[in-house]
Amino acid sequence: MSVELSVRGLTKIHAGQSVAALDSLDLTVPPGSCTAILGPSGSGKSTALRLIAGLDSPTAGTVHIDGADITGTVAEKRGVGMVFQRPMLFPHMSVLDNIGFAYRAAGESRRRSRERAREYLDLVHLGDIGGRAVSEVSGGQAQRVALARSLAGSPRVLLLDEPFSALDPVLRTEMHDLVRELRTSLDQTLLLVTHDQQEAAVLADSVAVLIDGRLEHHSDIATAYTRPSTLEVSRLMGGVNEIDGQWDGTGLHRSDLGELRVDGVTGIPAGPAVLLVRHELIMLGDYGVRGTISSLRPTGFRAIADVNVGSTTVKVEVAAASSVSIGDAVALTIPDGARFVVGQ
Ligand code: ADP
Ligand code: MG
């Protein structure tokens, strides 16, 4: 049975610090779902996970599993597993004994511990290297062992603190596939820390954005891309078009792009405001906002075109093989779902 993880008002002021590394975090991870905490370096992501795991104690606030307050419970009794950026395996033990460590520590025989560990070895597709010393496995394999070791403890909640950020892109993609597979087979409640919006998009159901210890945004992934709460959230989600202009307070934004209707904006008073436009969703066509291509930057199969509109530049993702060139006059179609307005 999957459990719900929640934190209420979770706050940490580290010893010797005057500002909170984590400031009144409220967050709920529904049973069997995965939430990604996204934020720049130093925004309090690891602090949040350490408080949830019980590796550190909060200055204020509480941690709950299925509503039960576990803030005072020692780490080993919380049923919370954690995987870190570095695998932190026991170097003198085999792969299998690393995975079965918790069983041995709980008093099980070596044989029985290895039997139980083998199941998790298979789960992470390392079935044939159980007997190997951990010093002889690759970085990607070591991180799989670390994942298996955490899962072998049958955690109610699994916390992942940037566990794939040290791996090369191919291995990282393999780990993403593995986690997606495990999510299907184990129905595990997961909280993942990452600074990579794409990793969040691949693995998580929702994204919680931390900036300077504060939760600035929490929504499903698609909403975080197209309707970010603030400019900083937009940048973290890979947004590149920030168009200065005036917001009328009811639904119209005026800028070099003209007068554009933007629906669903709340809490932005009339006055200066920034129009956000996802570069991936703009289309080049025959009508719309007129401009001139001033540069083209290839990104592989795609390219980013800079389109000058008045004194504003709009970035547009186009197919690299498309027939546009620098100097071309183009028209931009900006779909309703690609527009949003935030304060400056
Ligand atoms: P992130 O994981 O998002 O990079 P951290 O949670 O590690 O951020 O750190 C958040 C802030 O708290 C940073 O300013 C960091 O320097 C500070 N910090 C983290 N751990 C400690 C500690 N043990 N003592 C003092 N300051 C800390
Ligand atoms: Mg960290």
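This text goes through the cavities and then the salt bridges of a predicted model.

Three cavities of 30 Å³ or more are counted. The largest cavity holds about 60 Å³ of space. Its lining consists of Leu147, Leu151, Leu158, Val179, Leu182, Arg183, Leu186, Gln188 and Leu190. Helices α5 (139-152) and α6 (169-186) each give at least two residues to this lining, and α6 has the largest share with four. Sorted by class, the lining of the largest cavity contains seven nonpolar residues, one polar and one charged.

The second largest cavity has a volume of about 40 Å³. Around this second cavity are Tyr225, Ser234, Gly239, Val240, Asn241, Leu276, Val277 and Arg278. Four of its lining residues are nonpolar, three are polar and one is charged.

Arg183, part of the lining of the largest cavity, also forms a salt bridge with Asp205, at 2.8 Å from N to O. Arg183 is in α6 and Asp205 in the loop between α7 (197-203) and β9 (206-211), so the bridge ties together parts 22 residues apart in sequence. Arg183 is buried at 19% relative accessible area, whereas Asp205 is partly exposed at 38%.

In total the structure has 17 salt bridges. Arg302 in strand β17 (residues 302-309) and Glu317 in strand β18 (residues 312-319) are 15 residues apart, and their closest N and O atoms are 3.1 Å apart in a salt bridge. Arg302 is partly exposed, with 35% relative accessibility.

Within helix α4 (residues 110-123), Glu115 and Arg112 are three residues apart, about one turn of the helix. Their salt bridge has a closest N to O distance of 3.2 Å. Glu115 is partly exposed at 40%, as is Arg112 at 39%. Both belong to a salt-bridge network that also includes Glu108, Arg111 and Arg116.

Technical notes
Residues are numbered from 1 along each chain as its sequence is written. Chains are lettered from A and ligands numbered from 1 in the order in which they are written. This is a predicted model: local features need pLDDT of at least 70, side-chain atom pairs count only at pLDDT 80 or more; totals for chains, interfaces and linings use all residues. Side-chain values use heavy atoms; hydrogens and water are left out. On a 1 Å grid over the protein atoms alone, a cavity is a set of points where a 1.4 Å probe fits but cannot get out, and a pocket is an open set with protein on both sides within 12 Å along at least five of seven lines; lining residues have an atom within 4 Å of a point. Grid points are joined across faces, edges and corners, and a volume is the space filled by probe spheres set on the points. Ala, Val, Leu, Ile, Met, Phe, Trp, Tyr, Cys and Pro count as nonpolar, Asp, Glu, Lys and Arg as charged, and the others, Gly among them, as polar. A salt bridge is a side-chain nitrogen of Lys or Arg within 4 Å of a carboxyl oxygen of Asp or Glu. Buried means under 20% relative accessible area, exposed over 50%, partly exposed in between (1.4 Å probe, protein chains only).
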